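Here is my note on the model, as numbered points. Please keep the structure open while you read.

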Amino acid sequence: MAGLRILLTGAQGQVGHELARLLRAHGDVRATDRATLDRADPAAIVAAMRAARPQLVVNAGAYTAVDLAERERDLAFAVNARAPQVLAEEAKRAGALLIHYSTDYVFDGAATAPYAEGAPTGPLNAYGASKLEGEQAIAATGAHALVLRTSWVYGTRGKNFLLTILRLAAERDELTIVADQTGTPNWSRTLAQATSALVARGLPDLVERAGLYHLSSTGATTWHGFATAIVGGGGRPRVVPIATADYPTPARRPAYGVLATDRFRAAFGFALPPWDEALAACLAAHAAERTD
């Protein structure tokens with residue numbers, strides 16, 4: 001696959017940072033971030049696409065500040081809805097394939113079994129609504145695209161639940177963590193590795209299988225269960241379960257966001273590891289990075 005021209009957005013983000021390294025195996029990667037591409041500016045996106053002339057566009061950039069999006073709704077929609085639409089329009093114009101990431105927050109969380117791709121959507125917050133509009137905008141362009149929904153992304157850089165818990169665990173004897181929201185944590189590296197494996201199949205194969213898929217580790221837990229797994233069984237800090245009502249936030253969160261991944265496995269022949277195995281690997285990698 002050497003020689004592919006690839007445009008990557010969000011290269012400094014959790015998934016984008018991993019992709020910037022892995023995608024180099026498949027060709028020439030033009031990696032952009034907020035400093036080099038304003039994803040809220042459609043004209044800048046058009047100019048970047050026409051300058052890069054990519055065969056593959058991987059849109060790892062997104063507005064992910066869920067609570068702040070309630071106040072910055074216009075910006076969230078510009079980055080999460082309008083930008084993917086422009087990328088898709090330009091990809092179609094260039095005959096390129098677009099890979100785009102979305103979220104379990106497109107659902108209302110009322111389910112009690114994993115959501116399939118065709119389940120009714122109903123986002124509870126501005127972030128989820130903006131991501132859903134992005135999915136719909138991509139589909140409306142008719143571009144060849146893989147839209148990959150995932151959930152609860154964490155990694156060893158940036159702002160995420162894992163790093164927050166590790167920091168707080170070093171500072172406090174007790175953590176109070178929400179225990180009535182259920183989902184599946186996903187390590188950014190496993191998402192990037194899966195994306196690289198898709199690209200390795202070749203663009204014609206992906207064009208043939210274009211569509212909406214759920215890309216997620218298997219299994220499920222709560223934020224409390226996730227935090228408990230992060231800090232381990234040493235007894236300090238204590239991880240105390242609380243209800244969502246005890247931890248009010250500007251944005252409502254779905255109570256349930258587990259994604260069914262059968263369609264992805266059937267189409268591509270592999271699956272992500274169970275969430276707890278991925279977490280163990282991430283913690284080991286994090287420890288190794290800190291000792292280097």
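1. Start with Arg39. Not counting residues up to four places away in sequence, Arg39 touches Thr9, Gly10, Asp33, Arg34, Ile45, Asn59, Gly61, Ala62, Ala78, Val79 and Ala83. Contact means heavy atoms within 4.5 Å. Arg39 sits in the loop between strand E2 (27-31) and helix H2 (42-52). Helices (H or I, at least four residues) and strands (E, at least two) are DSSP runs, numbered from the N terminus. Arg39 is buried, with a relative accessible area of 10%. Buried means under 20% relative accessible area, exposed over 50%, and partly exposed in between (1.4 Å probe, protein chains only). Arg39 and Thr228 are 189 residues apart along the chain, and their C-alpha atoms are separated by 36 Å.

2. A word on the source. This is a predicted model, where local features need pLDDT of at least 70, side-chain atom pairs count only at pLDDT 80 or more, and totals for chains, interfaces and linings use all residues. Residues are numbered from 1 along each chain as its sequence is written, and side-chain values use heavy atoms, with hydrogens and water left out.

3. Now the aromatic rings. A pair of aromatic rings is described by the distance of the centres and the angle of the planes. How many aromatic pairs does a search of the whole structure find? The search finds 13. Rings of Phe, Tyr and Trp (its six-membered ring) pair if their centres lie within 6.5 Å; planes under 30 degrees apart count as stacked, over 60 as edge-to-face and the rest as tilted.

4. Take Tyr213 and Phe264. Their ring centres are 6.2 Å apart and their planes are at 85°, so this pair is edge-to-face. The pair links distant parts of the chain, 51 residues apart: Tyr213 is in strand E10 (residues 211-214) and Phe264 in helix H9 (residues 262-268). Tyr213 is buried at 3% relative accessible area. Phe264 is buried too, at 2%. Arg263 lies over the face of Tyr213, 4.4 Å from the ring centre. The rule for a charge over a ring: NZ of Lys or CZ of Arg is within 6 Å of the ring centre and within 35 degrees of the ring normal.

5. Next, Phe226 and Trp275. Why is this pair edge-to-face? The planes of Phe226 and Trp275 are at 85°, with the ring centres 6.2 Å apart, so the pair counts as edge-to-face. Phe226 is in helix H8 (residues 223-231) and Trp275 in helix H10 (residues 275-291), 49 residues apart. Phe226 is buried at 0% relative accessibility. Trp275 is buried at 10%.

6. Trp152 deserves a look of its own. Trp152 has a positive phi of about 45°, although it is not a glycine. Trp152 is in the loop between strand E5 and strand E6 (153-154). Is Trp152 buried or exposed? At 9% relative accessibility, Trp152 is buried. Arg53 also has a positive phi of about 45° without being a glycine. Arg53 lies in the loop between H2 and strand E3 (56-59).

7. Thr221, in strand E11 (residues 221-222), is buried at 12%. Beyond neighbours within four places in sequence, the contacts of Thr221 include Trp152, Phe226 and Trp275. Asn186, in strand E9 (residues 186-187), is buried at 0%.

8. Last, the second largest pocket. A pocket here is an open set of points on a 1 Å grid over the protein atoms alone, where a 1.4 Å probe fits, with protein on both sides within 12 Å along at least five of seven lines; lining residues have an atom within 4 Å of a point. The volume of this pocket is about 180 Å³. Helix H4 (126-141), strand E5 (145-150) and E10 each give two or more residues to the lining. H4 gives the most, with 5 residues. One of the lining residues is Gln136. Gln136 is in helix H4 and is partly exposed at 48%.

Notes: Grid points are joined across faces, edges and corners, and a volume is the space filled by probe spheres set on the points.
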